[in-house]
Amino acid sequence: IEKFADTKIKNFSSGMYARLAFSISIQINPDILLIDEILAVGDINFVKKSYNEFLKFREMDKTIIFVSHSLDHIKNLCDRAVLLDSGKIEIIGNPQKVIEHYTNANRT
């Protein structure tokens, strides 16, 4: 995003805006980080950097609320998972168990 430093934010794409917001969020070193689908935007380099930042936060025992549809990311990054259905908690617990419940459920 450095090469767009002189670009007005109103001209940023949604991916550029998300990367900027994430970069600012991690710089303030919060105790709780709320992330919604951040690994779904950006190029592979951004995804790798973001993933590494998540791991650093985990090592510091920070709380990350990570919203994602990526089962692999949930399995690899999360200690606990929640499956929501129409805004209601369907299951909460071990990520692998939640993923198994999700994949085995009769979804229409």
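Guide: A residue is called buried under 20% relative accessible area, exposed over 50%, and partly exposed in between. The model discussed here is a predicted one.

Visitor: Is Asn29 buried, partly exposed or exposed?
Guide: Asn29 sits in the loop between H1 and S1, and its phi is near 55°, a positive value in a residue other than glycine. Its relative accessible area is 42%. Since that value falls between the limits of 20% and 50%, Asn29 is partly exposed.

Visitor: In what order do the elements of the chain run from the N terminus on?
Guide: The chain has 4 helices and 4 strands. Its C-alpha trace spans about 50 × 35 × 25 Å along the principal axes. Read from the N terminus, the order of the elements is α-β-α-β-α-β-β-α.

Visitor: What share of the contacts with a separation of 6 or more is accounted for by residues 24 or more positions apart?
Guide: The chain has 108 residues, and buried residues make up 28% of them. Among contacts with a separation of 6 or more, the share from residues 24 or more positions apart is 35%.

Visitor: Which geometry does the aromatic pair of Phe22 and Phe46 have?
Guide: The structure holds 3 aromatic pairs. In the pair of Phe22 and Phe46, the rings lie 6.0 Å apart centre to centre, with 85° between the planes. Because planes over 60 degrees apart fall into this class, the pair is edge-to-face.

Visitor: How many residues apart in sequence are the parts that the pair of Phe22 and Phe46 ties together?
Guide: Phe22 is buried, and Phe46 is buried as well. Phe22 belongs to helix H1 (residues 14-27), whereas Phe46 belongs to helix H2 (residues 44-59). The pair therefore ties together parts whose separation in sequence is 24 residues.

Visitor: Which residues do ring pairs link into a cluster?
Guide: Phe54 is in contact with both Phe22 and Phe66, among others, when residues up to four places away in sequence are not counted. As for the rings themselves, pairs link them into a cluster of Phe22, Phe46, Phe54 and Phe66.

Visitor: Which element gives the most to the largest nonpolar core?
Guide: The largest nonpolar core has 19 residues, and those with the most contacts inside it include Phe22, Ile35, Phe54 and Phe66. The elements that give two or more residues to this core are H1, strand S1 (32-36), H2, H3, strand S3 (81-85) and helix H4 (95-104). With 4 residues, the element that gives the most is H2.

Visitor: What is the relative accessible area of Ile35?
Guide: Ile35 is placed in strand S1. Leaving aside neighbours within four places in sequence, Ile35 is in contact with Phe22, Phe54, Ile65, Phe66 and Val67. Ile35 is buried, and its relative accessible area is 5%.

Visitor: Which backbone nitrogen does the side chain of Ser68 reach?
Guide: Ser68 lies in the loop between strand S2 (63-67) and helix H3 (71-77). It is buried, at a relative accessible area of 18%. Apart from neighbours within four places in sequence, its contacts are Glu37, His73 and Ile74. At 2.9 Å, the side chain of Ser68 reaches the backbone nitrogen of Ser70.

Visitor: Which element gives the most to the lining of the largest pocket?
Guide: The largest pocket has a volume of about 840 Å³. It is lined by 23 residues, of which Phe66, Ile74, Arg80, Ala81 and Val82 lie nearest its centre. Two or more lining residues come from each of H2, S2, H3, S3 and H4. The element that gives the most, with 5 residues, is S2.

Terms used. Residues numbered from 1 in each chain as written. Predicted model: local features only at pLDDT ≥ 70, side-chain atom pairs only at ≥ 80, totals over all residues. Heavy atoms only, no water. Phe/Tyr/Trp six-rings, centres within 6.5 Å; stacked < 30°, edge-to-face > 60°. Buried < 20%, exposed > 50% of the residue type's maximum accessible area, 1.4 Å probe, protein only. Polar contact = N/O pair within 3.5 Å; in protein donor to acceptor, adjacent residues only side chain to side chain. Contact = heavy atoms within 4.5 Å. Core = buried A, V, L, I, M, F, W, Y, C linked by side-chain atoms within 4.5 Å. 1 Å grid on protein atoms, 1.4 Å probe; cavity = no way out; pocket = protein on both sides within 12 Å on 5 of 7 lines; lining within 4 Å. Points joined across faces, edges and corners; volume = space filled by probe spheres on them.
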